[in-house]
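Please keep the sequence and the model in view while reading.

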Amino acid sequence: MLRRNFIKATAVSIALAAAGFVSQPAVAADTIKVGILHSLSGTMAISETALKETALMTIAEINAKGGVMGKQLEAVVVDPASNWPLFAEKARQLLTQDKVAVTFGCWTSVSRKSVNPVFKELNGLLFYPVQYEGEELEKNVFYTGAAPNQQAIPAVEYLMSKDGGSAKRWVLLGTDYVYPRTTNKILRAFLKSKGVAEADIMEEYTPFGHSDYQTIIAKIKKFAGEGKKTAVVSTINGDSNVPFYKELGNAGLKATDVPVVAFSVGEEELRGVDTKPLVGHLAAWNYFQSIKNPQNDAFIKMYRDWAKKQKLPKAESVVTNDPMEATYIGIHMWKQAVEKAKSTDVDKVIAAMGGQTFKAPSGFSIKMDEKNHHLHRAVFIGEVKGDGQFNVVWKTKGPVKAQPWSPFIAGNDKKKDEPEGK
Amino acid sequence: MRKLLLALCCCLSAFAHAALDPAAVRQLAAEESDDKIAAIHRLALTAESEALALLQQLADGTLKDDKGEDITINNRVRRELEGALAVLKLIDPDATVRIKAVKEIATNVDAGMAPMLAKARDRETDPKIRALLVEVHALATLKDADSKVRIAAATALAGSADPNTKAVLKAQSEPANETEVEVRRAAFRSYLEVKDRLTLAETIGRIFSGLSLGSILLLAALGLAITYGVMGVINMAHGELLMIGAYATYAIQGIFRAHFPAQLDWYLLAAVPVAFFAAAAVGVLLERTVIRWLYGRALETLLATWGLSLMLIQAARVIFGAQNVEVANPSWMSGGLEILPSIVLPLNRIVIVGFALFVLMLVWVLMNKTRLGMFVRAVTQNRAMAGCVGVPTGRIDTVAFALGAGIAGLGGVALSQIANVGPDMGQGYIVDSFMVVVLGGVGQLAGAVWAALGLGIVTKFIESWAGAVIAKIVVLVFIIMFIQKRPQGLFALKGRFVES
């Protein structure tokens, strides 16, 4: 009796499993699953929420035009909550449970470092849309944000130039984690190569979510008062930027005296800040909302319509920024590569990605490098205006090839300009 | 030819400044910064009121070129422009405009300005502005060919409190930059004076930022000093009560924006009672439903309140969204109070220090001067005896907990003015709050005050010397060691009831 029940039960479960096995590919044939891995809560939500919305908007745009290879895209959104180990957990869930063909996600480098082993182990595909410190080249990752030579170095060069104020002393200010530390290491080496003395560089870090910038502003003032023209390079990330800029405005540190150039502050981060006292402070990016061209007008309009349709908070004042554009480019390039490879298979898509081009909202035809998984991008430097937008004061003539291995770090000259094991 | 005339007419009508040199006006829209700067100087030299108006428009970003597009400027042009405008504004009838102008000139002075500054100085009637002008004039003449003029300038600069002046004087006192030994000596004497003044200013600034951090810690911890310190409830949801206060402020701001835009600046005053009662109401709810069943069971309370904190965070996410919300400083709290050129005390922080004092007074009066406070103290000192003499102990527990929660709500109002308001903002303050209460000594309000101020000032001094990350670590290690040596905290309760 007992045994017969057991046999029955086994038979039923095998049948069910078989049915499941058969039916699963049938479901998967209808849609292609796409993972979206951005913090929707916690300290990084200020920056990353807009990237989730951009990804969903782009997916809806592609679906409305017939999808990819005749299949609709299906977004799987997860919230890793600004919690770095949770990023790895959610990435594993996307790859093993949801079986996504590609993932768009991460902002901070520490979150990317946390998911890299997962994508490598399970041979997944990640598109990372934010400027970062370089020093990394993974076969399973495409970097659509800037490498240091496409953002940090040109920004510092601009501040050294006559128009940038001929800065001679430097404050390198950041949040305490891998991106600011590495970027500042590169910048320090770069500044030294330009003849800046050790005593003319001050490095300063704060924890994530820090909200009391009085001491730091006082220190900057003191450092700047020692005779030479001073500039601040800020790699502060996340919502700490709001108290930092508020304090900067309250303390009356003007851009004409001590300009602050930020690498992680764009239109979105400044939405919650009164920018009138901040006019003239700078940001370096590969895209600004204020750039005028038909692609950008269409992109801005698309996002505004999307915000209204989705009833996002303060939909009437939404802005676009660089990582949003990078997300948009990434999804479109992935689509083109899938269509070229005629498959969503990760290795085939990776092979097809090299050399893809896309007419981007920044006004250039952007190319994915044939080898090094980075985009060729133009660099813009903008000054904050009273309305929270940026006024482009300097730009490169055309797209610049990324150097993920910065020449300013010793030993990098021997590293290959393409991922291992490709 | 006609085309050119037409273009010129268009250009002139667009600018509508017929009296000014049209070529210079047009050059303001030039591509190169050098051309723009040259045009600014040419226009500034005319000293016409039209030139002033035009340059002001350029500085405000409202000036348009002949294609109707905004003329944009960068920091370099802006600096030159502000300098030129400041010179034009030196003759303004309004004294506040003149003060601003002199300060602007001081940041970017050169020898060519000396005669003009001397004229302005001799004409000036306001003694404060005159003193500033004397200083700026001295800066301009410090490189004069005549060594007597240089000595006079170096001596006149002794009264300055500007870090830039310090650097200039230091350079002047070095043989490489100055040949005359007399001038060097005068410059060095002035340098020492300015340096002392600046060191003093720096110390004042540090003490103030320590006070400010201390007052924030105090506001965050005062509620906990009542619920944990006096009642013995380990309330892990304390941070979320702060969050409720901050969101109440946000809600009131929204109501004022929608219905009383004219009184928007005063929304904070309305937010204070609302935040208090909102947090207190949540406090009553927590106490009645969960915490009162767990009195005397510390571990269970800890777990239960931790669960409650997660529920409150999630509730805030559902109601207000996961992203931070924007709570603006009212205009009377924006900007800063300039004590010396090198220290500006932000107004929002000054107001918060005052607010912390107010809340402290409120709590002190409530606990020591009212019947309710007496009951609370009686219940915590000896519950059985208090019950015997007719104190309704159960109700007093609820009221005391509500009071602690309400005070946390007030802390939330203050936090909303300087930190980010989001669902998990409370998490960042819970550790700090417990640190303050434990360090100060459980069961003591005075202990919390000294602990908060002490932690604030110590943290700020370490921060300015070793950075924010190290400061956090050092303070934590210090507290662990202190508690090892003195588990009862700074101030211990004395008397028979302590053991019970």
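A:Glu61 is found in helix α2 of chain A, where helices (H or I, at least four residues) and strands (E, at least two) are DSSP runs numbered from the N terminus. The model is a predicted one, in which local features need pLDDT of at least 70 and side-chain atom pairs count only at pLDDT 80 or more, while totals for chains, interfaces and linings use all residues. Residues are numbered from 1 along each chain as its sequence is written, and chains are lettered from A and ligands numbered from 1 in the order in which they are written.

A:Glu61 is partly exposed because 14 other C-beta atoms lie within 10 Å; with C-beta atoms placed from the backbone, a residue is buried if 20 or more other C-beta atoms lie within 10 Å of its own, exposed if 12 or fewer, and partly exposed in between. Between A:Glu61 and A:Lys219 there are 158 residues in sequence and 48 Å in space, C-alpha to C-alpha.

A second residue, A:Leu122, occupies the loop between α4 and β4 (126-128) of chain A. A:Leu122 is likewise partly exposed, since it has 15 other C-beta atoms within 10 Å. Neighbours within four places in sequence aside, A:Leu122 is in contact with A:Leu95 and A:Thr96, contact meaning that the C-beta atoms of two residues, placed from the backbone, lie within 7 Å. The C-alpha atoms of A:Leu122 and A:Leu95 are 7.2 Å apart, although 27 residues separate the two in sequence.

At the level of domains, whose bounds come from an automatic or database domain assignment, chain A is divided into domain 1 (12-146 + 293-376) and domain 2 (150-285). The contact between them takes 19 residues from domain 1 of chain A and 19 residues from domain 2 of chain A. On the domain 1 side, α2 (45-64) and α4 (109-121) of chain A each supply at least two residues. The C-alpha centres of these two domains of chain A lie 31 Å apart. In chain B, the assignment gives domain 1 (1-89) and domain 2 (217-430), with C-alpha centres 54 Å apart.

Finally, the two chains meet: 46 residues of chain A are in contact with 46 residues of chain B. Elements of chain A that each supply at least two residues to this side include α2, β7 (201-206) and α8 (241-250). The largest share, 6 residues, comes from α7(A).
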